[in-house]
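Open the model in your viewer and keep the sequence panel beside it. The stops below say what to select and what to look for there.

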Amino acid sequence: MGFTKWIGAFLGYVNGGMLGAIAGFILGTVFDTFTGKGSGTSSEDNAYGAYSNTTEDDILNRVHQQQGDRNGFLFSLMVLSAHIIQADGKIMHSEMELVRNFLRANFGETAVEQGNNILLRLFDYRKQHGEQSWKQQIGEACRQMRMAMPEEHRLQLVAFLAEIAKADGNTAESEIKELRNVAYNLGLNPQVIDQMLSLGGESLDDAYKVLGLTKDATDDEVRKAYRKLALKYHPDRVATLGEDVKEAAKKKFQELNDAKDRIYKARNM
């Protein structure tokens with residue numbers, strides 16, 4: 001199920017730096033296959049069904065691309081999760097459990113154990129090498145991810161990191177600062193973090209933050225902001241990352257629509 005690539009990448013990380021690990025991981029991922037959740041079919045089976053009128057080589061190339069996208073996303077998620085979990089100087093059970101539940105729901109208990117071991121070893125690496133070295137590695141890793149991943153995948157990555165920061169019910173300023181740093185190094189506008197953290201909020205203020213606007217925005221600005229975000233966050237844009245990631249994107253998309261509806265109702269639009 002591909003987690004051997006995670007372990008191989010991590011071993012490369014502790015021996016040759018985080019960048020070497022990610023590079024080695026990406027090179028090896030096209031040979032892994034993750035099992036699709038719920039359908040009982042592999043990603044390769046799904047690809048054959050979706051591209052039945054194309055050549056076998058085209059189908060295999062598409063399957064390998066999807067597997068590479070998914071595995072690269074998952075490994076990047078583990079590395080950055082280790083960073084955000086410790087951003088406030090504490091390792092909270094609720095934050096660790098959020099990552100474990102994601103792995104458990106989609107890949108089973110073995111994946112939970114392996115993923116948990118990777119997080120613990122990343123924590124140990126940070127402790128042994130110090131904050132300055134760790135943050136330099138994270139910055140460089142983010143820049144490599146920026147070159148390897150399309151914007152919509154990077155947005156979904158920071159959306160998950162924001163969920164980790166919110167998991168204990170108290171998002172510390174240190175966590176917000178590191179989330180913004182990660183977003184910046186991933187080539188995203190740091191403002192996206194304020195939008196992600198406001199998703200799911202119930203107030204009108206939260207709704208405006210989701211759209212990246214203030215209350216004095218015009219109706220036309222509200223419509224334009226919503227349309228732009230709706231295109232950017234549509235779940236179909238992360239389809240190659242697997243059904244589980246797409247489902248998470250659907251939840252975010254619904255929260256975006258809820259924010260829009262709240263503003264439209266307040267303005268009688």
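Select Ala225. Ala225 is buried, with a relative accessible area of 14%; buried means under 20% relative accessible area, exposed over 50%, and partly exposed in between, using a 1.4 Å probe and protein chains only. Ala225 sits in helix α12, residues 219–232. Helices (H or I, at least four residues) and strands (E, at least two) are DSSP runs, numbered from the N terminus. Now show its partners. Leaving aside neighbours within four places in sequence, Ala225 is in contact with Leu211 and Leu213, where contact means heavy atoms within 4.5 Å. The C-alpha atoms of Ala225 and Leu211 are separated by 6.0 Å, and these residues are 14 apart along the chain.

A word on the model before moving on. This is a predicted model: local features need pLDDT of at least 70, side-chain atom pairs count only at pLDDT 80 or more, and totals for chains, interfaces and linings use all residues. Residues are numbered from 1 along each chain as its sequence is written, and side-chain values use heavy atoms, with hydrogens and water left out.

**The whole chain**

Zoom out. The protein has 13 helices and zero strands. Buried residues make up 47% of its 269 residues. Among contacts with a separation of 6 or more, 70% join residues 24 or more positions apart.

**Helix α11**

Select residues 204–211, helix α11. Its buried residues are Ala207, Tyr208, Val210 and Leu211. Look down the axis of α11: the buried residues fall within an arc of 155 degrees, so they line one face of the helix. The arc is that of the directions from the helix axis to the C-beta atoms. Gly212 follows α11, and its phi is positive, near 70 degrees.

**Leu256 in helix α13**

Next, select Leu256. It lies in helix α13, residues 243–267. Buried or exposed? Leu256 is buried, with a relative accessible area of 3%. Not counting residues up to four places away in sequence, Leu256 touches Leu199, Val210, Leu211, Tyr226, Leu229, Ala230 and Tyr233.

Step on to Asn268, in the segment after α13. Asn268 is exposed, with a relative accessible area of 73%. Check its backbone: phi is near 55 degrees, a positive value in a residue other than glycine. Most residues other than glycine have a negative phi.

**Helix α10**

Select residues 191–198, helix α10. Which residues of α10 are buried? They are Val192, Ile193, Gln195, Met196 and Ser198. What covers them includes α8, α9, α11 and α12. Just after α10, Gly200 takes a positive phi of about 90 degrees.

**Helices α8 and α9**

Show α8 (residues 151–166) with α9 (residues 173–185). They pack at an angle of about 170 degrees, with their axes 11 Å apart. Axes are lines fitted to C-alpha atoms, for helices over the stretch in contact, and angles run from 0 to 180 degrees between N-to-C directions. The two helices are therefore roughly antiparallel to each other; angles under 35 degrees count as roughly parallel, over 145 as roughly antiparallel, 65 to 115 as roughly perpendicular and the rest as oblique. From α8, select Val158, Leu161, Ala162 and Ala165; from α9, select Glu175, Leu179, Val182 and Ala183. These residues make the contact.

**The nonpolar core**

Now select Leu80 and Leu186. They have the most contacts inside the largest nonpolar core, which has 60 residues. Such a core is a set of buried Ala, Val, Leu, Ile, Met, Phe, Trp, Tyr and Cys residues joined through side-chain atoms within 4.5 Å. Helix α4 (residues 56–85) gives the most to this core, with ten residues. Leaving aside neighbours within four places in sequence, Leu80 is in contact with Ile138, Cys142, Met145, Leu157, Leu161, Val182 and Leu186.

**Two last stops**

Select Asn116, found in helix α6, residues 109–129. Asn116 is buried, with a relative accessible area of 17%. Beyond neighbours within four places in sequence, Asn116 is in contact with Met96 and Arg100.

Finish at Arg104 in helix α5, residues 93–107. Arg104 is partly exposed, with a relative accessible area of 30%. Apart from neighbours within four places in sequence, its contacts are Glu97, Glu109 and Val112.
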